[in-house]
Amino acid sequence: MPRPRLGWLVGIPVVVALGRALLFPGREISALLLAHAAAGVAAFVASGPVMQPNGFRFAYLTSVTSVTSVTSVAAAGGLLALVGAAGGQARRPAALAAVALLLVAGTVSTRAVFLDWAPRLEVLDGFEGYDNLLARAALEWEGYGSVAIDRRQVHWTEGLAAIARVRRSDAAHLRHAAAPRGFRIVPAGTGPSPGERVISRISNERGAPLAVVLGRRL
């Protein structure tokens, strides 16, 4: 990432909330944050880098039942603590300023997701976009015959299972499964066997070769 994932406008309140949790562990909000933090660290160590669990906040940020979604609770708690530190009549302007800063942070983050974060090749690799490209190719060519995917191509073991589920739900592909053609999706650079020819090449958005589709008449 080119900059901190939370950014300063959200990161500072999170630091404040976690600091207060360590200083006053007996409070309810402290117990919530510390328990979720411990569970999150244990889960991330156990699961490793598969599917980048830290990125799951995009799906579960609206619920406190998720480990990573507690980040939003921490940010809110820290922001309330900062606003509460303002004395008397200054508290209302501080609250309005905090809301305005959150709106700015949300706008900047939304823009970054679509224009900066999503197009990165690291995202394609980290969220198994490679297997998604293979699945698209397999489903495309199944309309013309049987398709076999070289298992060396699949980075995520659930990728083949996902392709199989789509195959079972798509009657058109099942009807054409007996067509007199066969296709193989193999690593880039693999040459065709006798009777085969290159049908298509699979590459990422930068044009880097990922795989090749070989076809033959059965």
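Which residue in β2 does S146 stand opposite?

**Figure 1. Pairing of β1 and β2 in a predicted model.** S146 stands opposite G182 in β2. The two strands, β1 and β2, pair in the parallel sense over 4 bridges; strands count as paired if DSSP finds at least two bridges between them. This is a predicted model, in which local features need pLDDT of at least 70, side-chain atom pairs count only at pLDDT 80 or more, and totals for chains, interfaces and linings use all residues. Residues are numbered from 1 along each chain as its sequence is written, and side-chain values use heavy atoms, with hydrogens and water left out.

**Figure 2. The two faces of β1.** Side chains alternate along β1. V147 and I149 point to one face and are buried (under 20% relative accessible area, 1.4 Å probe, protein chains only).

**Figure 3. The largest nonpolar core.** A nonpolar core is a set of buried Ala, Val, Leu, Ile, Met, Phe, Trp, Tyr and Cys residues joined through side-chain atoms within 4.5 Å. The largest one has 13 residues, of which L134, V147, I185, I202 and V213 touch the most other members. At least two residues each come from α7 (129-141), β1 (146-149), β2 (181-187) and β4 (209-217); helices (H or I, at least four residues) and strands (E, at least two) are DSSP runs, numbered from the N terminus. The largest share, 5 residues, comes from α7.

**Figure 4. Helix α7.** Its 13 residues reach 19 Å from first C-alpha to last, close to the 18 Å expected at 1.5 Å a residue (1.5 Å times one less than the number of residues). Among the buried residues of α7 are Y130, L134 and W141.

Methods
Buried < 20%, exposed > 50% of the residue type's maximum accessible area, 1.4 Å probe, protein only.
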